[in-house]
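Here are some notes from going through the model you sent. Have it open as you read.

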Amino acid sequence: MSEKTVTGHEIPSCDQKTVIKGNPSQYVKLNVGGSLFYTTIGTLIKNDTMLRAMFSGRMEVLTDSEGWILIDRSGKHFNTILNFLRDEIVPLPESQTELMEILTEAKYYCISDLIGAIEVALKKKDKGPEATCRIPLITSQTEEQLFLSSSAKVLLSLFNITSFINDFQRKCFLK
């Protein structure tokens, strides 16, 4: 698959509507919002999506005089869409804005598994970072003993530190 971006004055006029139905290994040329892509019909019809409807003969598609199939969408994230169709998994960006942009495209193309993956990623972002350190508040020596007996981690007891500081201060002031 390769990609090329063309400017507005280079975009040929729309010539015809056509029905595409071919061998899954046949390559097609896609012009998605001015970004040009080459991919196989097999990739486009792999899952039950709008692209399957477009490339399995169920819908007419618009083509230009050079044979490019025109899709009136932004080409910014179409590479992500294609890679998801190929591999059924794709690395998602960290940016919430980009996630929302890809979600919009996934909804347009009716790619339910990608929609679900993005929604999960957005929910994780809404929760914020996971806590990395939890410090329990222990208010008695009984609680301290229960906690010490149930933990395998290294612990620092504030009771002992407080006793140490108090002993140290008493010794300093008695001199």
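1. A quick word on terms before the details: I call two residues in contact when they have heavy atoms within 4.5 Å. Bear in mind too that this is a predicted model.

2. With that cut-off, Leu 103 touches Ile 115, Ile 118, Glu 119 and Leu 122, leaving aside residues up to four places away in sequence. Leu 103 itself sits in helix α4. Its relative accessibility is 6%, so Leu 103 counts as buried, the limit being under 20%. Ile 81 is 22 residues from Leu 103 along the chain, and their C-alpha atoms are separated by 10.0 Å.

3. Next, helix α5, residues 112-127.

4. Which residues of α5 are buried? They are Leu 114, Ile 115, Ile 118, Ala 121 and Leu 122. Looking down the axis of α5, these fall within an arc of 130°, so they line one face of the helix. The cover over them includes α3 (78-87) and α4 (96-108). Turn to the other side of α5 and you find Ser 112, Asp 113, Lys 123, Lys 124 and Lys 127 exposed.

5. Last, have a look at Ser 35, which belongs to strand β4 (residues 35-40). Ser 35 counts as buried because its relative accessibility is 9%. Lys 76 is 41 residues away from Ser 35 in sequence, yet the C-alpha to C-alpha distance between them is 7.7 Å.

Technical notes
Residues are numbered from 1 along each chain as its sequence is written. This is a predicted model: local features need pLDDT of at least 70, side-chain atom pairs count only at pLDDT 80 or more; totals for chains, interfaces and linings use all residues. Side-chain values use heavy atoms; hydrogens and water are left out. Helices (H or I, at least four residues) and strands (E, at least two) are DSSP runs, numbered from the N terminus. Buried means under 20% relative accessible area, exposed over 50%, partly exposed in between (1.4 Å probe, protein chains only). The arc is that of the directions from the helix axis to the C-beta atoms.
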